[in-house]
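Biologist: I'm new to reading structures, and I'd like a close look at a single part of this one. Could you pick a place to start and walk me outward from there?

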Amino acid sequence: MSPRFVVLGPPGAGKTTVGRLLAERTDLPFRDVDEDIVAAAGKSISDIFTTDGEPAFRALEEQAVATGLAEHDGVLALGGGAVLSATTRRRLAGHTVVFLNVGMAEGVRRTGLSTARPLLAGVNPRATFKTLLDARLPLYREVATIEVITDALTPDQVVDAVLARWG
Ligand SMILES: Nc1ncnc2c1ncn2[C@@H]1O[C@H](COP(=O)(O)OP(=O)(O)OP(=O)(O)O)[C@@H](O)[C@H]1O
Ligand SMILES: O=C(O)C1=C[C@@H](O)[C@@H](O)[C@H](O)C1
Ligand SMILES: [Mg+2]
């Protein structure tokens, strides 16, 4: 068993929104690793970051991605930072990996000031987003087989672009 699509990208790229829509349109089940982590830990991602720290979250995430890749046969959305793990990047080899790209301005607009995203909850979300994007862009591209720049597209148009480039 193996996901038909793995969806990744920075916060606000639309992994959850577009991933769910892609699953609907291809008649596949949808699974979001962020939700798996919350269910397994019994607390929110913010609480995990605050109480246990980011390294503990990343360890839970690496395990949850491995489980998702082994168990899920539909659309699997990863968390925005899952690619920070070299082990996870290795595990993504051979999968159809969709990188939903979004620039800083639109990414910050979409994520707003939500405290549900602990990494962006600081004083300067624009600078934080830019730093995060610069560090991760090569990692997303290392594993992606399809890249869609989502800034000017609706979620439906993003799904159109994914399906046009697939197969
Ligand atoms: N292509 C798009 N156009 C406009 N708004 C979008 C688009 N994709 C997502 N959004 C909106 O941006 C917000 C963030 O989307 P979503 O939660 O799907 O991102 P995400 O990549 O899953 O983020 P996270 O990494 O925090 O889980 C939502 O309000 C969603 O409706
Ligand atoms: O970009 C990130 O590092 C994160 C993105 C979210 O999907 C969550 O996995 C968490 O908030 C960390
Ligand atoms: Mg999400």
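Modeller: Happy to! Let's start where strand β2 pairs with strand β3, residues 75-77: the two run in the parallel sense, joined over 3 bridges. Please keep in mind that this is a predicted model. Strands in a sheet pair through hydrogen bonds of the backbone, and such pairing is either parallel or antiparallel. If you look for one facing position in this pair, Asp32 stands opposite Ala77 of β3.

What is the order of the strands in the open sheet? There are 5 strands, arranged as β2-β3-β1-β4-β5, and the pairing is parallel. The two edge strands are β2 (30-32) and β5 (146-149), each of which pairs on one side only. Going from one strand to the next, the sheet twists by 20 degrees on average.

Helices lie across these strands too. Helix α2, residues 33-41, lies across β2 and β3, and its direction makes an angle of about 60 degrees with β2. Helix α8 lies across β4 (97-101) and β5, running at about 150 degrees to β5.

Thr16 is in contact with Asp32 and Ala77, leaving aside neighbours within four places in sequence. Thr16 sits in helix α1. Is Thr16 buried, exposed or partly exposed? Thr16 counts as partly exposed because 15 other C-beta atoms lie within 10 Å, while 20 or more would be needed for buried and 12 or fewer for exposed. An unreviewed UniProt entry also includes Thr16 under "binding site".

That brings us to ligand 1. It has 18 residues around it, and those that come nearest are Gly14, Lys15, Thr16, Thr17 and Arg110. The elements giving two or more residues to this shell are α1 (15-26) and α8 (155-165). Which element gives the most to the shell? The answer is α1, with 4 residues. Sorted by class, the shell holds 6 nonpolar, 8 polar and 4 charged residues.

The "binding site" list in the unreviewed UniProt entry reads Gly12, Ala13, Gly14, Lys15, Thr16, Thr17 and Arg117. Let's visit two of these residues. Gly12 is placed in the loop between β1 (5-8) and α1. Its count of 24 C-beta neighbours inside 10 Å is why Gly12 is classed as buried. Not counting residues up to four places away in sequence, Gly12 touches Val102, Gly107, Arg110 and Thr111. Thr17, by contrast, is found in helix α1, and Thr17 counts as partly exposed because it has 17 C-beta neighbours inside 10 Å.

Asp27 lies in the loop between α1 and β2. Most residues other than glycine have a negative phi. Asp27 is not a glycine, yet its phi is positive, at about 60 degrees. Asp27 has 7 C-beta neighbours inside 10 Å, so it counts as exposed.

Definitions and conventions
Residues are numbered from 1 along each chain as its sequence is written. Chains are lettered from A and ligands numbered from 1 in the order in which they are written. This is a predicted model: local features need pLDDT of at least 70, side-chain atom pairs count only at pLDDT 80 or more; totals for chains, interfaces and linings use all residues. A residue is near a molecule or strand if its C-beta atom, placed from the backbone, lies within 6 Å of it. Ala, Val, Leu, Ile, Met, Phe, Trp, Tyr, Cys and Pro count as nonpolar, Asp, Glu, Lys and Arg as charged, and the others, Gly among them, as polar. UniProt positions are given in the numbering used here, feature names are shortened, and annotations may be inferred rather than shown by experiment. Two residues are in contact if their C-beta atoms, placed from the backbone, lie within 7 Å. Two strands pair if DSSP finds at least two bridges between them. Axes are lines fitted to C-alpha atoms, for helices over the stretch in contact, and angles run from 0 to 180 degrees between N-to-C directions.
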